[in-house]
Amino acid sequence: MSRSQSRKLTGDQSRLVSSALEAGKIKQIARGSRHRNPCADRVAIARAMIYTSSMMTSKFSEVDTWIFDLDNTLYPPEARLFEQIEARMTEWVVDALGVGRAEANEIRRQYWARFGTTLAGLMREHDIDPEAYLDHVHDIRLDHLQPDPGLAGAIAALPGRAIVYTNGSEAYARRVIEARGLSGIFDAVYGVEHAGFLPKPERLAFETIIARDGLEPERAAMFDDDARNLVAPMALGMRTVLVARAPSAAPHVQHHAPDLAKFLRSLA
Ligand SMILES: [Mg+2]
């Protein structure tokens, strides 16, 4: 192990190294390096990394259901699909409520903050037809998406079942999954319609999907790019993983995965 490799600790590994240091465990492992022998330093770092890697694996060893959000989780935010969806959401609000674009965007911002999604706010405040809305907003181009064989391999190698749970519709999720070369990997795909159009982050939405699927939350891990969507999973007993470039110090974010495929491979 080189020093450059030792610098490539993920956020989780760094956190685990820190907690192990606090516990005095790595001090014991690294005791031999106090005489400043560079070779011993490298051995100590390698041992510490093996120790933290095994701690990571043990945290997920009980997991038999791997739940993935879709947008900006199973594809990188650079694909900017949500920009297309947002433009179509605004169009819908303009047409349905007869307001200008600026007001429509402000309404959407408020609904997102208050209800979790624009759809939830439109249903709560304006009793709109959710299926027509979902068909409209998800009618977007997916040509920015590339197949990701690395991610496909990492998800396929997970022990147990892998499922998708999105605030979009199942039909849209399946189009995205196909465009990413992830077809045939997931055991189930749930959209917002499967939770009675109640979106994440509502706890009842998660409970509805859990009951429908039959999964045990204590043996599940939830991956999402929106930290709000990890609050209920954590409370229900799941492992929580934030899939995003920037980490979060929120107590309901247990793990951080800047690169999802790499994170999943680290659990093998
Ligand atoms: Mg998302």
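**Notes on the predicted model**

1. Starting with Glu 78: there are 7 C-beta neighbours inside 10 Å, so Glu 78 counts as exposed. Keep in mind throughout that this is a predicted model. Glu 78 sits in the loop that runs between strand 1 (65-68) and helix 5. Have a look at His 144 as well: Glu 78 and His 144 are 66 residues apart in sequence, yet their C-alpha atoms are 8.8 Å apart in space.

2. Is Asn 72 buried, exposed or partly exposed? It has 18 C-beta neighbours inside 10 Å and therefore counts as partly exposed.

3. Asp 127 has a positive phi too, near 55°, and again this is a residue other than glycine. Its place is the loop between helix 7 (118-126) and helix 8. With 8 C-beta neighbours inside 10 Å, Asp 127 counts as exposed.

4. Pro 201 lies in the loop between strand 3 (188-190) and helix 11 (203-213).

5. Now the overall picture. The protein's secondary structure comes to 13 helices and 6 strands. Of its 268 residues, 33% are buried. If you take the contacts with a separation of 6 or more, 58% of them are between residues 24 or more positions apart.

6. What about the core? The largest nonpolar core has 55 residues, and the members that touch the most others are Ile 67, Val 164, Ala 221, Met 222, Phe 223 and Val 241. Domain 2 (62-78 + 146-266) and domain 3 (81-137) both contribute residues, so this core lies between them.

7. Which residues is Ala 221 in contact with, leaving aside neighbours within four places in sequence? The list is Phe 60, Val 63, Trp 66, Ile 67, Met 238, Arg 239 and Val 241. Two of these names, Ile 67 and Val 241, also turn up with Ala 221 among the core members that touch the most others.

8. On to helix packing, starting with helix 5 (residues 81-97) and helix 8 (residues 130-137). Their axes come within 8 Å and cross at roughly 135°. That angle makes helix 5 oblique to helix 8, and the crossing is right-handed. On the helix 5 side the meeting residues are Ile 85, Arg 88, Met 89 and Trp 92, while helix 8 supplies Tyr 133, His 136 and Val 137.

9. Helix 5 also packs with helix 6 (residues 101-115), at an angle of about 110° and with the axes 9 Å apart. The two are therefore roughly perpendicular to each other. Here too helix 5 passes its partner, helix 6, in a right-handed crossing. Met 89, Thr 90, Val 93 and Val 94 from helix 5 meet Arg 101, Ala 104, Asn 105, Ile 107 and Arg 108 from helix 6.

Notes. Residues numbered from 1 in each chain as written. Predicted model: local features only at pLDDT ≥ 70, side-chain atom pairs only at ≥ 80, totals over all residues. Core = buried A, V, L, I, M, F, W, Y, C linked by C-beta atoms within 7 Å. Buried ≥ 20, exposed ≤ 12 C-beta atoms within 10 Å, placed from the backbone. Domains from an automatic or database assignment. Contact = placed C-beta atoms within 7 Å. Axes fitted to C-alpha atoms, helices over the stretch in contact; angles between N-to-C directions. Helix = DSSP H or I, 4+ residues; strand = E, 2+ residues; numbered from the N terminus. Parallel < 35°, antiparallel > 145°, perpendicular 65-115°, else oblique. Left-handed = near helix turned anticlockwise from the far one by under 90°.
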